Amino acid sequence: MAVIYEIKERRVIPNWRDFKRTLQLGELSQSNKSAEPIILNIDRSIEDWKQGKNIGTAADLINSAFVSGIQSSEVKQAIEFIKSDQQKASSSLLDLIKLIELDSPTPPVISNNSLLEIDVDTVNEFQSFINNKSFHKVINKTKNRTKNELRNPIIWVELARLYTMRGHEHKAENAILTALHIAPNNRFVLRSATRFFIHKEKFDKALFYLRKAEGLKDDPWLISAHIATSSIMGRFSPLIKEGKRLLDSNNFSDYELTELSSSLGTLEFKDGSFKKAKGFFEKSMKMPNDNSLAQLEWVSKDEQRFQINPFQFDKVINPFEARALELYERGNWKDAFYNSIKWFLDMPFSKRPALLGSYIAGSLLNDKKAAIILCQVGLQANPYDPTLLNNLVYNLATSDNQQMLDAYVPQMMEIDINGLPNESKVTFQATLGLVSLKRGDTELGMKMYKVAIQNATNIRNDYLKNLAIANFAMELINLNSPEQMIYIDLVRNMKIPEKHKDLQQLQSEILKKINTQAKN
Amino acid sequence: MSTNQDNAAHSLVGKELKNGWTVLKKIEPKEGSTGGFFSVCYVVTRGEEEAFLKALNFQAFFQMFRGRPIVEIINEQTNAYQFERDLLLRCKNNKLSKVSMIVDEGEEVLEGFTIPNVPYLVFEMSDGDVRSHMNFSKDVEIAWKLQSLHNVAVGLKQLHSIEIGHQDLKPSNVLLYQDGIVSKVGDLGRSLCAEIEAPHENGGDFPGDLNYAPTEFLYRYIDPDWNFRVRSTDMYLFGSLIVFYFSGANMTALIGKNLDPQFKWTHWRGKFEGVHDYLVDAFYKAIKEFKSSISDKELGDELSKIIEYCCFPIPERRGHPKAITLSLNRDGSRNLNSNQFDFHRIVSKFDILYRMANYKFK
């Protein structure tokens, strides 16, 4: 059976996007002011232009105007002069003119709260996005840029991200270490590295590089990352106090403090202090980003006293995680799936959106093709992830794709089931049961399903138990097995909590199927 | 009485000066030339020799700095004049071939004026500055551009050899001679010298035109090491001049163009270190853009390599890559005798490039 892998405790780990989008989201801005910008003047260039009008003096004045940000009637004259004889101008000079004429930089156009490298409308488009050949070209191009731009940490981070999306862990780590070597104090590099090391469960390394960074104590974005990483490791960050100091300092905007407030709120929430947590979360929601919004959405699922409707925060860019979780909770499978896809496109190395999306597609929307694609894509970045592999095999088995099933089942069998968490063991056993049934080994299949149900009972996980029973019942009906009535009764008598709308749907599908069969 | 009527510096036409120069005419603003705010320029002759005279205009000081004590102004401007004269004489004594040379200097006293003294400098006559010769379209006058840049590199190398850093190298300060065939570095008014203290040496602030300045100065970063700062600045300015010759934009503008506005010097309010990495990213984009302004790939690659080490936005990383590692002592301190900012490699490279271009592009 397929499952949504949900993290037990979500932390405010930095989201990792390409540099351009990170800039556009304002996560690299700095309002901690230590100096006034320099004042320039262009009098000398204006004087020269007045004395002799030619393309050289015009270019000189345009350069000065652009560098200084100063406009004047003489600058306009110089612009007209160059425009009147463009053959003598270069494209750079004409570009400078355009920028001067714009006067102020154009803010990025962000429609529907969506800022993605590439957007898709259909699953086929999604599939072509992750097309091997074109992706390989992007990696090669970026690799070539690193060769030409050896001292550019940004491009090394971009390469690391691309490698991570492809599941090339060692290459990605080398690239991220190079970036850290060049720019050990850069916020973009450090936050990207933190996410990378956490993705690879190398928490110590994440903390090591954060701790080494100069200016860590004055950067709310980095303190938040440090607190969150320490929390994953079950430690208390020594920077909690500094973080609280920054919150009270009035030196930062609400947006700059949103993740830090959210991290501190999560700590208090974990400690059971609802009141303190509420204060921090309220602060984090003054101007949230996608991460702090998703954090409160996640917390609200755990603690009813936190109420949040992510759709009310219509200024948050890329709120896909929060929306996907909320829509899933509401049982709006189609929109939840759509937001999972967007969430994955935003963070194409993360397995959580792939798991949620594939589960919704395969188990709730009955779109096996989409589920299979999402699992495959998720596996590219996380090649050995047992849950993704499990979900892929489940979707292949239920779509009777024998050829692909034969390719992936051996991979699944290679996983050491004893090393998995108990919940995953249950899922694995149920899926292997399904595969055996599909392959005609009814005895083994039924045995595996029963073991899964028993283990779910043993670990007192009613959700997994009911899910395994429902899946088993569905297969027994398909096989027209004499045992089906036992499990149909179990399904009929299931008491499913309101929050498990997926199980409710499965239950209703099974009962509908029996009724249809009975009528026939 | 109008300003010019009581201005000795404006009243030299027709005069024969003490050291034999006859003032022919005032040079009205001429295409491509830079008169400067504080000087009046004339054409002068002595026998068959024709030259350019720059007279110090005291009156302009009072116009420019109204409200400041007169003693302070006179002192400041006199020091500036003396400094430039001393530097020019130093260049003359060392026979620098690619620096616009002083031919003579002196002081004339014209009776009947409020300020009768007119100190002056006489320079060899140029054909104007390089801007009047510019065409930024692709593949135009490549050989000439390379030759001119070679001359400028030689000029800077010569200046450095006598402990002078130009500090204000920009298109208007590259002067043309012999119908544009020879280029020389001009205007040492904002230069710095290791052995002569400059009146404008203001705690290490950039003395030249800030619109051409290396980016670190725009973020108020001043390297504490005089020698390092002065040489790395000249190297940046030279690289920026290469960019201007071929693209019409200087490197500072190109970096600014490729930099997100929030990090640009006109907006940034943090420290220089905080913007390092974004400058580097923008710098590489600028180099890519520069390359696209040259059709010949080989030439584009060669020039880009030179620009990359001349204009790297972090001063510690600027300079010839082989010399950067050499510039550190074993304890990590800076080796001041290194040739990180030496122009000899650049001179050799431009020598080859312009000779090749003579065959390739002519």
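**Reading helices, a sheet and an interface**

Modeller: Among the elements that cover the buried residues of α10(B) are α3 (142-161) and α8 (297-311) of chain B. This is a predicted model, in which local features need pLDDT of at least 70 and side-chain atom pairs count only at pLDDT 80 or more, while totals for chains, interfaces and linings use all residues. Residues are numbered from 1 along each chain as its sequence is written, and chains are lettered from A and ligands numbered from 1 in the order in which they are written.

Colleague: Which residues of α10(B) are buried?

Modeller: An α-helix has 3.6 residues a turn, so residues three or four places apart point the same way. Helices (H or I, at least four residues) and strands (E, at least two) are DSSP runs, numbered from the N terminus. A residue is buried with 20 or more other C-beta atoms within 10 Å of its own, exposed with 12 or fewer, and partly exposed in between, C-beta atoms being placed from the backbone. In α10(B), B:I346, B:V347, B:F350, B:L353, B:Y354 and B:A357 are buried. Viewed down the axis of α10(B), these residues fall within an arc of 130 degrees (taken from the directions from the helix axis to the C-beta atoms), so they line one face of the helix. B:S348, B:I352 and B:Y359, on the other side of α10(B), are exposed.

Colleague: What is the order of the strands in the sheet of chain B?

Modeller: Two strands pair if DSSP finds at least two bridges between them. The open sheet has five strands in the order β1-β2-β3-β5-β4 (chain B), with antiparallel pairing. β1 (22-26) and β4 (102-109) of chain B are at the edges with a single partner strand each, so one side of each has no neighbour in the sheet. Between β1(B) and β2 (residues 39-46) of chain B there are four bridges in the antiparallel sense, and B:T22 stands opposite B:T45 in β2(B).

Colleague: How many residues does each chain bring to the contact?

Modeller: Two residues are in contact if their C-beta atoms, placed from the backbone, lie within 7 Å. Chain B contributes 48 residues and chain A 47 residues. On the side of chain B that touches chain A, α6 (251-257) and α7 (276-291) of chain B each supply at least two residues. That side of chain B holds 15 nonpolar, 20 polar and 13 charged residues, where Ala, Val, Leu, Ile, Met, Phe, Trp, Tyr, Cys and Pro count as nonpolar, Asp, Glu, Lys and Arg as charged, and the others, Gly among them, as polar.

Colleague: What is the secondary structure of chain A?

Modeller: Chain A has 27 helices and zero strands. Of its 520 residues, 49% are buried.
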